[in-house]
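Hello,

The structure we discussed is below, followed by notes on what was found in it. Please read the notes with the coordinates open.

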Amino acid sequence: MSRQMGDSHRRFLQTMMSNGVISSSQASALHRHCCETHGAHYSQEKVEDFISVINAQLQPLFMHIRKGMSEEDGLDYFALVNMAKTDITKMSSDYADNELELFRKTMDLIVDSENGTASSTDILNCADSLQTKKLKKKETEHVLNKFVQDKWLNEIEGEYTLSTRCIIEMEQHMRTIYPDLIKRCFVCHNIAIQGQICENAVCGIKIHLPCVARYFKGRTDPHCPSCNDFWTHEIPEVQQYSSQTLQSQSSCAKENTAGPSTSSTLATRRSRRS
Amino acid sequence: MAESRRRVSRGSQEESAGHSNGFGGRNRTERVADTGDEDEGAGPSGIHEDDDDPARRREIRSQYRDLINSVHQNREDMLNPANNKLIDVLEEANKLFANVRQAREAALDAQLLVLATDLGREKASQLHAEGSSFDPSAYAQHLLSFMGLNRLEEEDGNEDDCSDGYLPPDAWQRLSKRVESCFKTAPSFHYMLGSFLVEPPPPRQRIERQRKAPSKEAKRVMPIQLKKMEESHQEATEKEVERILGFLNKYYADNSESPIPYYDFVIDPTSFSRTVENIFHTSFLIRDGLARIYLDSEKLPCIVPVEEGEVEPGGATTRQQCIISISQASWKEIIKAFDIKDGLIPPPEEPSQEDRQE
Amino acid sequence: MSQRSAGSGARRSRPGRSQVILDDDEPDVSSQPSSSQVQRARCSFTPQQIEQKVAEVVQFILIKDQKKIPIRRADVVKHVVKEYKGQYPGIIRRAGQTFEQVFGLNLVEIDSKNHVYILVNKLHPLPGEPISMCPGSPKTGLLFVILSLIFMKGGTVKEILVWNTLKKLRVYEGVKHEEFGDVKKLVTDVFVRQKYLEYVRIPHTEPLEHEFRWGARAEQEVSKMKLLQFIGELHNEEPQTWTQQYREAASVESNPR
């Protein structure tokens, strides 16, 4: 019964279509707004149940509202994603072929880098060698802007990173395309593109920046949680998030309890993956 | 419906203007007569000798054209209920018409009259419409205010009301935000996955790994976990090598008479990177003595599986090494030269199927 | 505390909305026998195969709607339905149901001769949304100005009036605009292809003149009453001031298509 979709669900879905990605606190507020607008039963802690009702209907349509963590602020986000790779999905008209090629090249550069960023210079350089149709520098800048506007890339001071929306939608794809380059965060076990890598070359574990901040918080002498070598990177400050952070942190912790995060479980996870 | 009726009537106006000049002319004579009394210097009526003076006729035509042009240009002004510009134009036309003697000039007069009638009708419709009329200029001013026009920036006075003041950068966004509730537009769905062809990049992982070759010191503290990871990577390669051996054996079993050309076997005409991967994995078959490559009568390489028992122990000494290099260009060349249509080694299963089922 | 108030709020608003909830509880048509079953029996397609086709059609229409260009049946058949052509009426009907039941959208045929479809929203944007349901593009504002001009001038306006009005709003016919780019193209080509506007030659004009009217999409998507209310707000007048326009807006409102 409660599995049936109502206008509250439709309004939520439409808002997801328009925005592509929303933070979990926005999702909570939207959930409440949608329920109250359409007089549907509302209970604060049931956002995920509410979303799963929508997902049940979206599944045959190769769509999904999926949750993921931002590599920037460490908060949870929800993104509406496409799951199919077919001749029909290739008809998307948002970008021209050479713009998509540029996106793929940018993704290559980002994934191939240690810290998960690509400089605008590097991206501009590879725009010269596009097979589909070359892009001029000016056009490339324009296209990159469009990617940022459409929330596929983030940009800070000329450095491009993959957005939360992009990672949520493309995670599986990236694992297939770059099986040996994609790592999991040692702390939260999620896919890690941006992060710090243990300097010990045989260890080389990766940790998200927000996870680094939380994990090493208050430690004067940080050591790698895996190899125990000295952690040479600068430890970012835990940002002053709202009460939201605490929530997402606790949910993060909950996920971790699914298996003790010892190195051996991590290792089994990894071997299973490949 | 109202529009089509209006257009029909305009059409017939124009037709009559085109076909019945004489009729239009007659009407006009009456009109001239109406105003002619006060209009002393309007024209030397009754003088007929210069009816055919080409210079004079040219001048009349030019004056008509100027008038028609100015009507076109000042259309908005003419429509403004607050002035009588339309009447001024008609009076001007009357003066000109007093000197018209020939059809060609009369046609221009008719054209002007059509224009004026059209404007007159439009102007009248504003006045006679029930309720308030709608003035686009006033509307534009209201919109400007709503969009946050900054009217303080006045320098050269306001000779042209278009140029004084400037709009803030978010002016249109502000308007859009307000009016979007008037639209029942469906939101659209945007995505990145599945919008492009999937072509895995050439395996760079190898280089990556070498670059990070562990130093001796680092080796000491190498944790068990990493060993496992490397093993798993190796496993993946082994699995792929076995898979390829499976295909080689199958093709050989299907027809052991005809040799399998090496390039036919490894090249995937749809993917360069798959081709490179195939070459890489196939090289393990050769290294491990599970397959061998030989040159056929045309000096082209062929590949066959090494049958059980054929594997010579310690055979490594008799083996020869060779390096195969392939570039994107040579890959394309080979496909063309050997007319390769399908890859013999299908790509490993893509987890995209799994994606769908999730 | 917040939970309690939320609960009571929901309860309070429920009775008025019961119609909506009832609507939601309408039978799930996908599991009902349908008129196309006869056809289905004749062809060898299983219900699962038809189901799959319906999903693909929904996906195709969503993708084609990205640019808001109306979707032609010929394209749906060519790219998706293919050998299921005989089942087309059933498939498109079911796709329409999916749009209603899952997305809250209506699939509307705006041209029954050439079979052209658009998607129209059944839900309305509301004040107080925590995140906007339609983050409008500045182009919506431009489109609104043109549509309102046409509506207020009785349904048709000459092109010159549109450009003269836009000029006052710092948008010039032949000049590249910071937000709209090539405005001439946007107005006379893009909006026209999206079926927001009709742009037609006025016969017997020399030099050539054009006039604008509302396109089929505008008739479906735009609320004339809401438009008139905003115009009234701007002029500090009641919408009823414009008697004819008000009458027309009210008649559309009471007989929704």
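Between chain C and chain A, 34 residues of chain C are in contact with 35 residues of chain A (contact: C-beta atoms, placed from the backbone, within 7 Å). On the chain C side, helices H1 (2-24), H3 (47-64), H4 (73-81) and H5 (88-103) each give two or more residues; helices are DSSP runs of H or I, at least four residues, numbered from the N terminus. H1(C) gives the most, with 10 residues. By class, this side of chain C has 18 nonpolar, nine polar and seven charged residues (nonpolar: Ala, Val, Leu, Ile, Met, Phe, Trp, Tyr, Cys and Pro; charged: Asp, Glu, Lys and Arg; polar: the others, Gly among them).

The model is predicted: local features need pLDDT of at least 70 and side-chain atom pairs pLDDT 80 or more, while totals for chains, interfaces and linings use all residues. Residues are numbered from 1 along each chain as its sequence is written, and chains are lettered from A and ligands numbered from 1 in the order written.

Within chain C, H3(C) and H5(C) pack at about 60° with axes 9 Å apart (axes are lines fitted to C-alpha atoms over the stretch in contact; angles run from 0 to 180 degrees between N-to-C directions). Residues making this contact include Val54(C) and Val58(C) of H3(C), and Ala95(C) and Phe99(C) of H5(C). The contact has nine nonpolar, one polar and two charged residues.

In chain A, 13 of the 13 residues of H1(A) are buried, so this helix is largely enclosed by the rest of the structure (buried: 20 or more other C-beta atoms within 10 Å; exposed: 12 or fewer; partly exposed: in between). Just after H1(A), Gly20(A) has a positive phi of about 80°.

Regards

Terms used: Contact = placed C-beta atoms within 7 Å.
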